[in-house]
Amino acid sequence: MPKVRPVVGRRAQRAQRHNPLHRPQIEVQTASVEQVVPALAKLGTGPDAPPVDTGDKVWALASVSTLLADDHEPHRRLLLAHQVVGRVLYALESDTNLEVRREASGALRNLCLSSRSTDTLGELANKRAVEIVLQVLRWAALGLQSHERRLERTRAPLLAERERLRTKPVEQMNRKERRLAAKLAQGRVPDTAADAMADFDGDDAQGTLDFHGWGADADASLAGMGSAAAQCLVEMCESLVTVLTCFCEASDKLLARVLQWDWHEPRGTALAGEALCAWLCQALHLGVHAASGAPSAADPACVVPQIALGIASAQALSAITDEEGMAQALAGLGPGPGRAPMPSPAQLRDARERGAARLAILADASALLQRDAAPRPAMLGAAAGGVLVNVLRNARNDAEDAPAVRSEPLSAFVHEALLQQLVTLLAPASVDSVKDDAVALLEMCLELVADLASVLGTPLDTVHSGTALASVPVTEEGGLGDWVVARCMRSTLVETLLRLATPHESSAAESPGAARRAIETRALAALQNLLLRLAHFAPPPPSQWPEDDEEMLQRIALWRAWFGTSYLDGADPAQSASDMGTMLRTLWDQVFAIAAHWASVDSVANAAPGTSDMDVSVAQDGLAMVDAGLGALWAMARVLEGQLPLTQDDEAAPWVSALAAAYDSAQDASVRVKSIGTLACLARSQYYRVHGASAPPPVYERVYAELASFWLQVAAHVPDADTLTAVLNAIVDTYANEMAPWDGVYAQVHMQSKLKALVPSLSAIAKRVDRHADGPLYAAAMESVQNLRAFLDYRASLR
């Protein structure tokens with residue numbers, strides 16, 4: 001499923017910002033690679049390098065950034081061959097001039113975003129890029145914290161002079177004093193930030209960075225620095241935070257290095273990893289302040305860069321809070337990542353207060369996600385909302401330590417406020433009416449819906465999928481309560497996602513349809529996640545049926561009444577119909593049509609195995625749409641317990657053969673598993689009872705037999721352990737009840753003897769899984785084989 005990425009579609013603006021030859025009212029050609037390489041060679045890689053003029057250094061770094069922003073692979077390889085990594089890092093580390101650091105950080109950012117493999121990030125890490133980036137971010141925060149105080153000290157003599165001149169008669173003033181008095185009378189203090197580019201300094205040996213509050217002075221410091229200097233500093237921070245996000249997403253090893261860096265905070269004042277969360281939240285606060293349009297906000301020229309810094313900071317927080325320990329550190333609920341020592345109760349109490357303040361900043365940012373908001377502030381709100389969802393998913397959510405936003409449980413805030421904001425914002429959205437930033441905003445909102453869907457209702461880790469239904473509230477009237485998943489299904493969200501996911505005639509075009517496919521893919525992925533979350537609460541399969549649990553059986557009856565499948569419990573089919581069941585079956589037809597459309601596109605049907613994830617093509621997007629469509633179909637089949645028609649116009653329904661064909665042509669295990677899971681549900685369909693029949697008609701019998709043969713064919717040629725687990729679970733679940741109306745085909749196709757003969761080969765496939773590299777898969781595969789053996793013994797005992 002698509003995730004929020006550090007790139008937000010502003011590559012063109014980055015290229016323009018870093019154009020080294022751009023001057024007002026001067027038209028010149030962009031620097032060529034032949035001009036840039038000699039200039040790059042002048043930059044040193046260590047302290048023994050000859051000095052370089054600041055202007056030449058800025059020009060060279062900005063030229064490198066411009067070339068990298070073009071994302072031209074030959075240029076990137078040429079620059080790498082001329083040690084661009086070491087030269088840029090040394091300039092960033094050794095020179096404190098704001099323009100130099102701004103251009104060096106921009107070059108570093110574009111290098112990370114344009115790299116085609118992890119080799120470049122590995123080289124950066126080997127040359128201490130992680131430590132240099134974090135060191136410069138600390139330098140920037142310390143400088144912003146103290147700059148306002150230095151400005152006040154500089155202005156103090158001028159203010160004293162103003163007081164003296166106010167009491168001096170005009171006739172006693174000389175000409176210079178009169179001019180100064182006139183300026184001071186108008187409230188104009190002479191500019192003290194004329195050379196802010198060189199004067200800004202974060203290397204205050206006596207200063208201690210207030211990690212949890214340096215952003216409070218940042219606005220005043222930026223305003224006092226002058227427009228150009230402030231813009232340089234903010235853009236530098238934005239670029240470095242994006243680089244940090246690239247490191248965090250590249251590998252667990254780089255993420256650990258980022259989290260373990262020593263911020264030099266006072267001992268015992270922060271949890272492990274909390275300093276980084278605090279820095280990013282303070283930077284996010286700057287973006288929120290600028291986006292809010294407050295009277296005390298920064299210079300108008302600095303508003304857009306500050307919002308961009310806020311977006312980058314939120315995306316970095318989203319990347320690091322995917323790790324459970326960091327989510328707890330951000331919320332102040334635990335010791336942090338890794339094997340951090342457990343803090344004392346007093347330290348933990350203080351950490352919770354700081355964590356609550358950070359969650360409040362994120363909640364304020366998410367409030368920017370409004371229908372009438374400009375795209376960039378709304379993108380900031382969407383990015384902050386993604387962080388809150390991560391915290392809700394990964395932080396502890398028990399009654400005592402549940403994270404809260406201003407005394408409101410975070411779960412309630414996300415399920416109520418954030419979800420409603422998304423539903424309202426997406427309702428009028430149309431692929432044809434959005435462009436530029438609005439497209440990026442729509443993509444981010446759809447990704448946020450996909451992430452949010454996974455935390456709706458009871459947390460996944462607290463209940464097994466077979467018993468999750470027990471956590472659904474029951475009303476006094478005896479129906480399922482008004483829980484958040486039900487509200488989503490009844491809202492306009494499903495209709496909106498389906499509308500955005502429906503392909504247009506131009507969607508299959510290679511280049512013109514790329515932007516449209518990006519939205520359609522994300523919309524279908526969000527719909528899939530929402531339906532999968534609903535399926536998490538569905539009744540268990542026959543092999544896990546709670547025979548003696550009366551309370552659970554009662555809830556299953558309520559579930560079936562809600563979805564119109566009560567005839568499975570013996571109710572009159574004519575009185576079992578329900579609006580929710582009708583809606584889901586209509587949605588089934590529509591999602592199947594979307595998946596079938598993309599499966600029929602030539603480039604998708606003929607896609608070569610191993611298509612790279614980096615290729616933005618019709619084939620890659622089409623395969624993603626088929627995968628998401630199959631996931632949505634499996635979820636609906638699971639919710640309805642397979643109660644979907646197996647016939648259409650007295651013939652087998654098209655989805656039966658289509659799902660079998662999807663399995664045969666699948667290039668990865670995900671599609672195979674989803675196809676098998678959906679067919680396993682359909683194999684238990686008794687939908688003929690809706691039309692008054694008490695026994696399966698011949699066409700149903702034929703489909704039952706075809707599916708039984710399909711299971712044997714798959715089991716005889718299992719390609720991997722994921723498929724092994726899926727097909728064995730499908731067989732056991734389908735034929736666990738020997739009294740089922742489809743069970744006759746078990747003997748008809750001689751399934752008992754054929755499965756028994758396959759047990760040794762199936763067991764060998766399960767044992768080939770590396771238990772150390774993929775423990776969960778090994779356990780699932782071995783369990784499925786053991787279940788098959790027990791199942792075969794049970795069926796043998798029935799003779």
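Biologist: Why is Q83 called partly exposed?

Modeller: Q83 has a relative accessibility of 46%. Buried means under 20% relative accessible area, exposed means over 50%, and partly exposed is what falls in between, with a 1.4 Å probe and protein chains only. So at 46% Q83 is partly exposed. Bear in mind that this is a predicted model, where local features need pLDDT of at least 70 and side-chain atom pairs count only at pLDDT 80 or more, while totals for chains, interfaces and linings use all residues. Residues are numbered from 1 along each chain as its sequence is written, and side-chain values use heavy atoms, with hydrogens and water left out.

Biologist: Where does Q83 sit, and what makes its phi worth a look?

Modeller: Q83 is in the loop between α4 (73-81) and α5 (84-94); helices are DSSP runs of H or I with at least four residues, strands are E runs of at least two, and numbering goes from the N terminus. Its phi is about 60 degrees, a positive value, although Q83 is not a glycine. Most residues other than glycine have a negative phi. H750 also has a positive phi, near 60 degrees, and is no glycine either. You'll find H750 in the loop between α32 (744-748) and α33 (751-767).

Biologist: Since α4 came up, how do you know which residues of α3 and α4 make the contact?

Modeller: Contact means heavy atoms within 4.5 Å. On the α3 side (residues 54-69), the residues are V64, L67 and L68, and α4 brings H75, R76 and L79. The two helices pack at about 145 degrees, with axes 8 Å apart. Those axes are lines fitted to C-alpha atoms over the stretch in contact, and the angles run from 0 to 180 degrees between N-to-C directions.

Biologist: What is the make-up of that contact by class?

Modeller: Four nonpolar residues, one polar and one charged. Ala, Val, Leu, Ile, Met, Phe, Trp, Tyr, Cys and Pro count as nonpolar, Asp, Glu, Lys and Arg as charged, and the others, Gly among them, as polar. So R76 counts as charged and H75 as polar.

Biologist: Are C232 and C248 buried or exposed?

Modeller: C232 has 3% relative accessible area and C248 has 9%, so both fall under the 20% limit and count as buried.

Biologist: Why is S685 called buried, and what does its side chain reach?

Modeller: Its relative accessibility is 0%, so S685 is buried. Its side chain reaches the backbone oxygen of G642 at 3.3 Å. A polar contact is a pair of N or O atoms within 3.5 Å; within protein, one must be able to donate a hydrogen and the other to accept it, and residues adjacent in sequence count only if both atoms are side-chain atoms. S685 belongs to the loop between α29 (669-682) and α30 (698-716). Beyond its neighbours within four places in sequence, S685 is in contact with G642, Q643, L644, L646, Y700 and Y704.

Biologist: And S675, what does it touch?

Modeller: S675 is in helix α29 and touches L630, L659, A662 and Y663, leaving out residues up to four places away in sequence. With 0% relative accessibility, S675 is buried.

Biologist: How much of the whole protein counts as buried?

Modeller: Of its 799 residues, 54%. The protein has 34 helices and four strands.
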